[in-house]
Each structure stands twice: as structure tokens, then as C-alpha cells.
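Please describe the side-chain contacts and the sheet of the structure shown below, with the criteria behind each term.

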Amino acid sequence: RSRGATVNLGSFAENITTAGVDLPSLPLGTRMYVNGAILEISRIGKECHTGCAIRQQVGDCVMPRRGVFARVIQGGIVRHGDSGTYDI
């Protein structure tokens with residue numbers, strides 16, 4: 001946004017958006033627990049494709065540095081405002 005991009009929650013096709021934890025700094029295998037759901041960080045970063053609208057608009061994309069992917073170990077219902085924990 002500070003570079004003029006029109007981005008909102010969901011602009012990067014994320015399934016869950018977090019606040020208060022620096023997810024990319026967590027090691028692979030870290031487990032996150034939210035309302036009975038268990039997610040395990042499986043990948044940090046994703047190559048941004050050249051057709052990325054955000055990269056075209058501002059010349060940069062956060063996905064290679066900030067995108068975090070997780071494998072679902074146990075499903076659950078996660079709602080807006082839920083809090084969770086994680087272990088390394």
C-alpha cells in the first residue's frame with residue numbers, strides 16, 4: 001500500500017491472514033494450533049511469476065519473502081478473530 005498498490009486481505013489468495021507473529025521467521029515444521037485445527041509450516045516463500053499484478057504495479061512482490069505455506073495436519077473451523085498458538 002505504501003508503494004501505491006491496491007491490496008487487501010485475500011489479494012495474495014491467502015487462506016489465513018495473521019497478525020502479531022513473524023511467520024517467515026519460524027522454521028519449517030513449526031505447528032500452529034487454532035480452534036482444533038493444526039497446521040504445519042511446509043514452505044516459506046514462493047517464486048513470484050512475471051505476470052503478478054502487484055509486481056507489475058509496484059515492481060516488487062512479497063511472496064518470495066513473506067509467503068508461508070502450511071500443510072493441514074488436522075482440520076478445524078477457523079474464523080475471523082480466532083487466536084492460536086504455535087510451537088517450534
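## Aromatic rings and a charge over a ring

An aromatic ring does take part in another kind of contact, since R43 lies over the face of F69, at 5.7 Å from the ring centre; a charge sits over a ring if NZ of Lys or CZ of Arg is within 6 Å of the ring centre and within 35 degrees of the ring normal.

## Basis of the model

This is a predicted model, in which local features need pLDDT of at least 70 and side-chain atom pairs count only at pLDDT 80 or more, while totals for chains, interfaces and linings use all residues. Residues are numbered from 1 along each chain as its sequence is written, and side-chain values use heavy atoms, with hydrogens and water left out.

## The sheet

Four strands form an open sheet in the order β3-β2-β1-β4, with antiparallel pairing; strands (E, at least two residues) are DSSP runs numbered from the N terminus, and two of them pair if DSSP finds at least two bridges between them. The edges are taken by β3 (68-74) and β4 (85-87), each of which has a single partner strand, so one side of each is left without a neighbour in the sheet. On average, neighbouring strands of this sheet are turned by 30° against each other, direction ignored, with axes being lines fitted to C-alpha atoms and angles running from 0 to 180 degrees between N-to-C directions.

Strand β2 (residues 37-44) is joined to β3 by six bridges, and the two run antiparallel. Within this pairing, R71 in β3 is the bridge partner of E40.

## The salt-bridge network

The structure holds two salt bridges, each a side-chain nitrogen of Lys or Arg within 4 Å of a carboxyl oxygen of Asp or Glu. In one, the side chains of E40 and R71 meet at 2.9 Å, N to O, and this pair links distant parts of the chain, with E40 in strand β2 and R71 in strand β3, 31 residues apart. Salt bridges that share partners join R31, E40 and R71 into one network, and the side chains of R31 and E40 meet at 3.0 Å, N to O.

E40 is buried, with a relative accessible area of 16%, whereas R31 is partly exposed at 28% and R71 is also partly exposed at 45%; buried means under 20% relative accessible area, exposed over 50%, and partly exposed in between (1.4 Å probe, protein chains only).
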